[in-house]
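Work through the exercises below with the sequence and the 3D structure side by side. Try each task before you read its solution.

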Amino acid sequence: MNLGDISALVNYQFVQQLDASHNNLKSLYGTPNLVHINASHNKLTDFLVFLHHRSEKQQQNSLQQQEKDQEEEPCESLLIADYSHNQIEKLNADLVMRFSNLCVVNLSHNHLYTVQALGELVNLIELDISDNQIITLEGLRSLKLLRILKAVSCFFFWKKYYFLF
């Protein structure tokens, strides 16, 4: 299938594993009990942005207001996230800290240039940032549980004040 929208999933509150790979998704709809998500090979531009089902009146609100509302909703159940082969350029620090229980994150083959707030992912064991062009990488030092860091074919732009381990 080649889906462009999976908004119907919000009605399934007990879904724990979601494979939405190889579609044309530009946004995701999450459920509160999601443990594992494979959102690879899509057209996503944001990491870990889940749009929740809203009434028609709420949908008329600006996207900015919806994003602000989402920042207040932590997603503690999500442990594994594969967002490889998308169009993500940066990690939003405000969104990352909502997912502090993440253990495995795959962001390979994106357009990443800024990776910040990794320190918020205190349970992170495996991180794949291969095939990106990273200018800013912050927070690796505080990842005490990190065991696997993949950065194959990663073009780091070494600048004294930008590359912070």
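**Exercise 1. Describe the fold of the protein chain: how many helices and strands are there, and in what pattern?**

Step 1. Count the elements. The protein chain has 3 helices and 8 strands. Helices (H or I, at least four residues) and strands (E, at least two) are DSSP runs, numbered from the N terminus.

Step 2. Read along the sequence. The pattern is β-β-α-α-β-α-β-β-β-β-β.

Step 3. Note the ground rules. This is a predicted model, with residues numbered from 1 along each chain as its sequence is written. Local features need pLDDT of at least 70, side-chain atom pairs count only at pLDDT 80 or more, totals for chains, interfaces and linings use all residues, and side-chain values use heavy atoms, with hydrogens and water left out.

**Exercise 2. Work out the strand order of the open sheet, and name its edge strands.**

Step 1. Find the order. 6 strands form the open sheet, in the order 1-2-3-4-6-8, and the pairing is parallel. Two strands pair if DSSP finds at least two bridges between them.

Step 2. Find the edges. Strand 1 (17-19) and strand 8 (148-150) each pair on one side only.

Step 3. From one strand to the next, the twist averages 5°. Axes here are lines fitted to C-alpha atoms, for helices over the stretch in contact, and angles run from 0 to 180 degrees between N-to-C directions.

Step 4. Look at one pairing. Strand 4 and strand 6 (residues 126-128) run parallel, joined by 3 bridges. Val104 has Glu126 in strand 6 as its bridge partner.

**Exercise 3. Find the aromatic pair and say how its rings are arranged.**

Step 1. Apply the rule. Rings of Phe, Tyr and Trp (its six-membered ring) pair if their centres lie within 6.5 Å; planes under 30 degrees apart count as stacked, over 60 as edge-to-face and the rest as tilted. The count comes to 1 aromatic pair.

Step 2. Classify the pair. The ring centres of Phe47 and Tyr83 are 4.9 Å apart and their planes stand at 80°, so the pair is edge-to-face.

Step 3. Phe47 is in the loop between strand 2 (36-38) and helix 1 (56-59). Tyr83 is in the loop between strand 3 (80-82) and helix 3 (93-96), 36 residues apart from Phe47.

Step 4. Check burial. Buried means under 20% relative accessible area, exposed over 50%, partly exposed in between (1.4 Å probe, protein chains only). Phe47 is buried at 5%, and Tyr83 is buried at 1%.

**Exercise 4. Compare Asn110 and His111: is each buried, exposed or partly exposed?**

Step 1. Locate them. Asn110 is in the loop between strand 4 (104-106) and strand 5 (114-115). His111 is in the loop between strand 4 and strand 5.

Step 2. Read the accessibility. Asn110 is buried, at 7%. His111 is partly exposed, at 47%.

Step 3. List the polar contacts of Asn110. A polar contact is a pair of N or O atoms within 3.5 Å; within protein, one must be able to donate a hydrogen and the other to accept it, and residues adjacent in sequence count only if both atoms are side-chain atoms. The Asn110 side chain reaches the backbone nitrogen of Ile88 at 3.1 Å. A polar atom of that side chain lies 3.3 Å from the backbone oxygen of Ser108.
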